[in-house]
Amino acid sequence: MQSLRDKETQLLGKMLTIASTAGPGHLSAAGDFSEQWKVLIYDQDGRDIISPLLNVGALRQKGVTLHLQLHSEREPIPDAPVVYFVRPTEANVKRIADDCAKQLYRTAYVHFISRVERPILEKFAQELVATNSVSMVAKIFDQYLDVIALEPSLFSLNIKDAFSLYNNPSLNETQIRAFMTRVATGLLSTVRVTGALPIIRAPPGGAAEMLAREFNTLLRENISVRGPAQALFEDCLVQDRARPLMLILDRTNDLFPILQHTSTYQALVSDLLDFKLNRVTIEVPDKATSATATKKKTYDLNTQSDHFLHRFAAVPFPEAVENNEKELADISQLEASLRSKQPSGFDESAALSAAAVPSGRAKDLSAALESLPEILQRKQTLETHTNLMQAIMKQIASRDIPSFFELEQSLFTTGVRSMDRNAVLALLRDGSKGSLHDKARLLVILAVLGDPHSLSKVGAEEYDTALQQGCAAMTAPVATTTSEASGGGSTSASGPPSPAVIALTLSAVHFLRRMLSLQQQSSSFGSGGAAFGQSQSSGLQSFFTSRAASLFAKATAFFTKFTPYYVTRVAHTLAEGRGGAEDETFLTLDPRSVTHPNGWYGPVSSSGGAASGVDSAVSGVSRFADVIVFVLGGGSYSEYYNLQELVVQDAGRLVTGGGSGARENSSGAGGGSGGGAGSSSSAASGGSAAGMATLRSVLYGTTDLLSGDDFVRQIETMVAATPGK
């Protein structure tokens with residue numbers, strides 16, 4: 001079964017294949033250079049979509065010898081065709097028209113990321129006509145690929161500051177609707193890539209329902225007989241194809257996952273390091289300069305090509321550390337063993353010569369030569385993870401992350417009413433623990449989880465004062481990390497933050513408190529959730545600093561627990577058709593419905609049966625095997641892996657007859673559970689018979705993946721620019 005990532009990779013590969021559209025006089029045979037070699041030009045959005053899927057080697061296999069930014073200075077290559085992959089903007093089409101006028105390339109194949117609107121297309125035509133270069137353009141395509149597949153079951157629309165783009169009080173309705181259209185366009189691309197038409201559900205009222213309705217309208221337009229992209233959505237309209245459930249939620253439905261200090265390996269990479277679109281940048285020693293010098297180094301992380309990350313991305317950090325040390329020791333020993341088989345003065349041609357050594361020895365040396373490159377590659381990968389873990393441990397030691405994680409996890413699982421308020425105040429006042437943003441995240445979490453003291457005027461002031469006291473007590477440098485989205489890189493703040501900086505952060509906290517108070521949703525999170533099981537974890541190994549090890553020792557027990565987040569519980573409830581408040585009140589939209597185009601509030605099966613005009617393929621369906629969860633306003637790796645663990649736990653209960661799932665099955669959580677939404681199996685449309693269906697896959701997407709600090713900074717920027725904040 002193909003994942004979202006595999007499907008989008010195939011679609012991009014097809015885009016780069018131009019043999020079938022080669023111009024007159026250019027053969028499409030395998031030996032024809034018009035097909036084999038081409039130039040790829042993209043804008044920043046196009047690059048962001050391609051880079052997680054196709055590296056330089058993969059592009060070379062597709063015949064791409066050169067790939068460049070659209071708005072850069074480029075030399076003419078008149079003998080090569082060019083493939084453009086850009087967003088349809090006026091600036092982009094003008095630059096493409098300029099390239100055609102200069103005849104930089106032989107023939108142009110223009111692929112727009114999303115649908116090009118008529119005014120932009122007319123502008124492009126006018127530019128080409130004005131320079132008599134219409135003949136340079138061979139084809140124009142709307143690709144509907146405005147989605148970034150980061151993992152087999154994870155995607156992002158890469159819309160920066162998305163939460164602010166619909167929660168800023170200074171925005172008018174037109175601006176908010178334009179933003180919703182932009183997000184809906186990305187979801188349309190997701191459906192095009194997965195090839196499955198979803199049943200859409202969203203909580204009533206607010207931003208989630210607005211987006212769901214906008215998306216439903218856009219989807220209905222495009223799948224109609226006269227739709228602008230009906231041909232691209234033909235796969236979605238196959239009558240007997242399983243239809244996934246798409247759950248659209250607003251970030252304000254649950255702020256906890258994006259603010260909580262996390263525990264699993266890849267989630268910590270995202271939260272503590274400079275990580276964006278599968279690329280992480282850290283400081284590493286620069287021994288060539290001096291013994292103490294450092295330099296920035298960037299690594300690509302991919303659960304499909306990285307054997308270690310694939311198995312340990314979703315496990316507790318101590319367990320990942322232990323396995324990294326063990327595997328690195330094993331691979332180093334194996335390397336030493338293979339190298340020891342090489343005679344002194346080793347020469348490859350001599351080693352493989354029967355005259356030089358006995359035939360048995362030659363075979364051994366040949367096998368060693370063949371396996372050594374793979375072993376060295378694995379060792380390099382493990383050393384990369386060692387560097388990343390050391391960078392994470394530096395952040396942990398500097399900020400005492402386990403203290404925050406332990407407290408937050410306890411609040412989430414046992415409830416705020418049983419908490420020790422003095423312990424919370426002590427952590428806020430302790431200048432040696434946490435950065436300003438660590439403490440601010442804790443303040444908002446208290447409000448999210450329904451702490452009445454936090455939502456009262458007197459209590460909020462007490463917490464704010466404790467935070468200010470803690471910042472004033474900061475003397476040692478506190479390592480912090482800002483992501484690329486925030487203009488970042490790793491920095492160290494020496495001493496306490498200034499009063500102005502503290503005031504701005506507290507303004508962001510006050511904004512979120514007011515929003516939570518108005519929504520009156522805190523009761524939804526007070527009791528946490530029932531854990532589905534436990535997993536095993538190991539302690540940290542001695543090759544890390546003893547200070548960092550001691551910090552984690554007291555929180556190890558919390559790293560082993562799985563507690564479902566709000567989005568996980570809702571996805572599970574709706575997928576299984578359990579009924580309850582969400583199932584009875586959530587909006588349901590079926591893009592195929594004729595008599596109920598605006599949907600209904602209530603379960604898929606009961607309120608929208610066949611008698612009500614709902615597509616018969618879903619009438620009576622109460623269970624779904626495939627679920628797409630989309631969070632508007634920003635998501636996190638913690639939330640992603642929480643959902644993937646749900647798939648593992650659900651499969652485990654099916655196998656064991658109700659027991660918890662086997663832990664080893666979750667090692668591939670980075671890849672989801674196999675296929676993307678809508679992959680075919682024996683399950684009927686949406687699910688199988690009652691008592692037999694199991695959750696097969698959960699595809700998680702969001703407007704942008706953020707760390708907790710990124711989210712707080714986004715609110716800071718918004719309130720700083722808002723009059724009367």
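**Helix H1.** Leu4, Arg5, Lys7, Glu8, Leu11, Leu12, Gly13 and Met15 are buried in H1. Helices here are DSSP runs of H or I with at least four residues, and strands are E runs of at least two, numbered from the N terminus. I then checked the span of H1, residues 4-15. Its 12 residues should span 16 Å at 1.5 Å a residue, and the end C-alpha atoms lie 17 Å apart, which agrees. The expected span is 1.5 Å times one less than the number of residues.

**Ground rules.** This is a predicted model: local features need pLDDT of at least 70, side-chain atom pairs pLDDT 80 or more, while totals for chains, interfaces and linings use all residues. Residues are numbered from 1 along each chain, and side-chain values use heavy atoms, without hydrogens and water.

**Whole protein.** I noted 27 helices and 20 strands. Of the 725 residues, 56% count as buried.

**Aromatic pairs.** I searched the whole structure and got 16 aromatic pairs. Rings of Phe, Tyr and Trp (its six-membered ring) pair with centres within 6.5 Å; planes under 30 degrees apart are stacked, over 60 edge-to-face, the rest tilted. Phe163 and Phe711 have ring centres 5.0 Å apart and planes at 70°, so this pair is edge-to-face. Phe163 sits in the loop between strand E7 and helix H7, and Phe711 in helix H27, so the pair ties together parts 548 residues apart in sequence. Both Phe163 and Phe711 are buried.

Next I took Tyr637 and Tyr640, an edge-to-face pair at 6.4 Å centre to centre and 80° between the planes. Both lie in helix H26, 3 residues apart, about one turn.

Key: Buried < 20%, exposed > 50% of the residue type's maximum accessible area, 1.4 Å probe, protein only.
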